[in-house]
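Please examine the sequence and the structure shown below.

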Amino acid sequence: MSARRAGWRAVKAAAGPSPGNAPALSDSALQQEQQQALATSRSPAMSSSSNGGGGPRPQGSNSGGDSGSVLSLSALRRLVRPLANLQLAIAELAGIAALSALGTVIPQNKPYEFYAANYPDVGDKVLGFVTSRLIWGLQWDHIYTADYFLLLIALWAASLAACTWTNQWPAVRVAQRWRFRSDPDLIAKQEVAELLPNARVEDVGRALASKQYQVFLRDGSLYAFKGLAGKMGPIGVHASMLLALAGICAGLLGGFKGSAMVPEGGDLLLAQALEPNSPVAQYPSGASVVLHVDDFRIDYRSDGSIRQFYSDVTLRDLEGREVASRTMSVNQPLRYGGVTAYQTDWSMSALTVRAVGSPLQPPDGTPFNLPMARLAGKAGDESKLFATFIPAANPSQGGKPIGVSVLAKDLQSVVLYDSKGEFVGVRRPGSGKSIMVDGMEITIERIVAGTGFELKHDPGVPLTYAGFGGMCLTTVVSYLSHSQVWATQQAGGSVVVGGRSNRAKFGFQQELQEVIDAVPEVLPAAPALK
């Protein structure tokens, strides 16, 4: 190798300017090649070509119609090129992020009364200027479906598409072309270059092919490349982002959402609880089923805190036929016909009691239900407290009701207070143990609970998941190095080899050195004897 390196130094010195000044490798030259973006055919791993993928096309190959089409595409490309501006895309993305953050801070899709109470128009304003009128007027109450938010997403999608079409795709088309170089000075200006005395360009091609390069030979010149997928990676990233954006927009425009509280034994027609996000939304097939709550239960920890909610539900069609049954819990939603139902809340709907001595007690002694209501707590208090009232006598006209107040904070026990508001005892539902209060013998049979559902239909979920999955994959692919190598056979039996890579330059230098080391030296022919 010492002789080869010594010979190379002489060629390197004669090559002149540094690699960055080589005209064939300048940014302007590459941009011109991207603008041309000529289509080429693929070839096997090592082949010979008389015309070359990058050579001129035969005369007459383009008709007048083709020329007009090319001109139209060029004009359209110039028209959309301003959208491919990086600064514009960053500004669009920053705007989307800022509006999304605003939508996270301000509760969405609440009635105006909620904003009037939490963002007053007079007095102490939030941040000194945020009021309910401002929120309502700027559509901050539904910012993700606001016109300007959707327009900003569409503009960002247009920037991604324009960048892919005007910049990335032409670069890939250029990378696919066979660009033979027979000038040793141009090859010498590559990032890595060597002069191989007593070598053959065909042997260089075989060594490169063993490193998984695509190799092409023509008239003593060689061109090889590998890692074209790395050039395709950014296009895949942009395509995946567009797919994810399409899924988000499909959900924003074609989705449904809703909520409902259903007591044990109650029914819910899903279509009644679902509200469309926009007028173009179409009801899914699962919206036409009736959800029946068979049972609701709460699993408690030893300290009395809630571990999990469970709801046994049955789905029936409009004719009463059972189509599905599930046991739901938090993080285990029900999915049917495009509708997803999440277990999100619970309540107490009624208290089943026997109250002998109460005017509400049936004569046959059967238990009866009393509705329960949630008591309002302090602002920010998320604890639950439900109450009902058992009358001890029919109230006289204009008189004060007399009876027993029953309070419950969970499904395990209830607390009873007499007509004077004094505590009288605690009972477990279903224990069968009665208590005498204000002349009534009261037995707590059970608490009828209600289960809360969040309903959602998002037709864009498959597109969104596919987009983010493709983005993860193509991001990894985009880090693959795209390496190119040129070589030309010189008079006297030497070969000039040079190459470059867009990434992993040190690894490429080592790899090309291994290729050079693998090229056998061809001994010159001995002179003929006289």
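In this predicted model, four strands, in the order β6-β8-β9-β10, form an open sheet with antiparallel pairing. Strands here are DSSP runs (E, at least two residues), as helices are DSSP runs (H or I, at least four residues), and both are numbered from the N terminus. Two strands count as paired if DSSP finds at least two bridges between them. Residue numbers start from 1 along each chain as its sequence is written, and side-chain values rest on heavy atoms, with hydrogens and water left out. Because the model is predicted, local features need pLDDT of at least 70 and side-chain atom pairs count only at pLDDT 80 or more, while totals for chains, interfaces and linings use all residues.

- Three bridges join β6 and β8 in the antiparallel sense, and Leu269 stands opposite Val290 in β8.
- Seven bridges join β9 (residues 306–316) and β10, again in the antiparallel sense; Tyr310 has Ser329 in β10 as its bridge partner.
- The hairpin of β9 and β10 has five residues between the strands, and Gly320 in this hairpin takes a positive phi near 90 degrees.

**The five-stranded sheet**

- An open sheet of five strands has the order β14-β15-β16-β17-β18, with antiparallel pairing.
- Its edges are β14 (373–374) and β18 (423–427); each has a single partner strand, so one side of each is left without a neighbour in the sheet.
- The antiparallel pairing of β14 and β15 extends over two bridges, and Ala373 stands opposite Ala387 in β15.

**The largest nonpolar core**

- A nonpolar core is a set of buried Ala, Val, Leu, Ile, Met, Phe, Trp, Tyr and Cys residues joined through side-chain atoms within 4.5 Å. Buried means under 20% relative accessible area, exposed means over 50%, and partly exposed lies in between (1.4 Å probe, protein chains only).
- The largest such core has 27 residues, and those with the most contacts inside it are Leu351, Ile390, Val404, Val414 and Ile442.
- Among the elements that give two or more residues to this core are β8 (290–300), β12 (339–356), β15 (386–391), β16 (403–408) and β20 (440–457).
- Beyond its neighbours within four places in sequence, Ile442 is in contact (heavy atoms within 4.5 Å) with residues including Arg354, Ile390, Val404, Leu416 and Val437.

- Strand β2 (residues 192–196) is largely enclosed by the rest of the structure, because five of its five residues are buried.
- Five bridges join β2 and β22 in the antiparallel sense, and Leu195 stands opposite Val496 in β22.
- Arg500 lies in β22 (residues 495–501) and counts as buried because its relative accessibility is 14%.
- Arg500 and Ala193 are 307 residues apart in sequence, yet their C-alpha atoms are 9.0 Å apart in space.

**An exposed helix residue**

- Is Glu113 buried or exposed? Glu113, in helix α5 (residues 112–118), counts as exposed because its relative accessibility is 58%.
- The C-alpha atoms of Glu113 and Ser132 are separated by 8.8 Å, and the two residues are 19 apart along the chain.

**The chain as a whole**

- The chain has 13 helices and 22 strands, and buried residues make up 40% of its 530 residues.
- Of the contacts with a separation of 6 or more, 61% are between residues 24 or more positions apart.
- The mean pLDDT, the predictor's confidence in each residue from 0 to 100, is 83, and 82% of the residues reach 70 or more.
- Over residues 1–45 the pLDDT is below 50, and this stretch has 75 contacts in the model beyond near neighbours in sequence.
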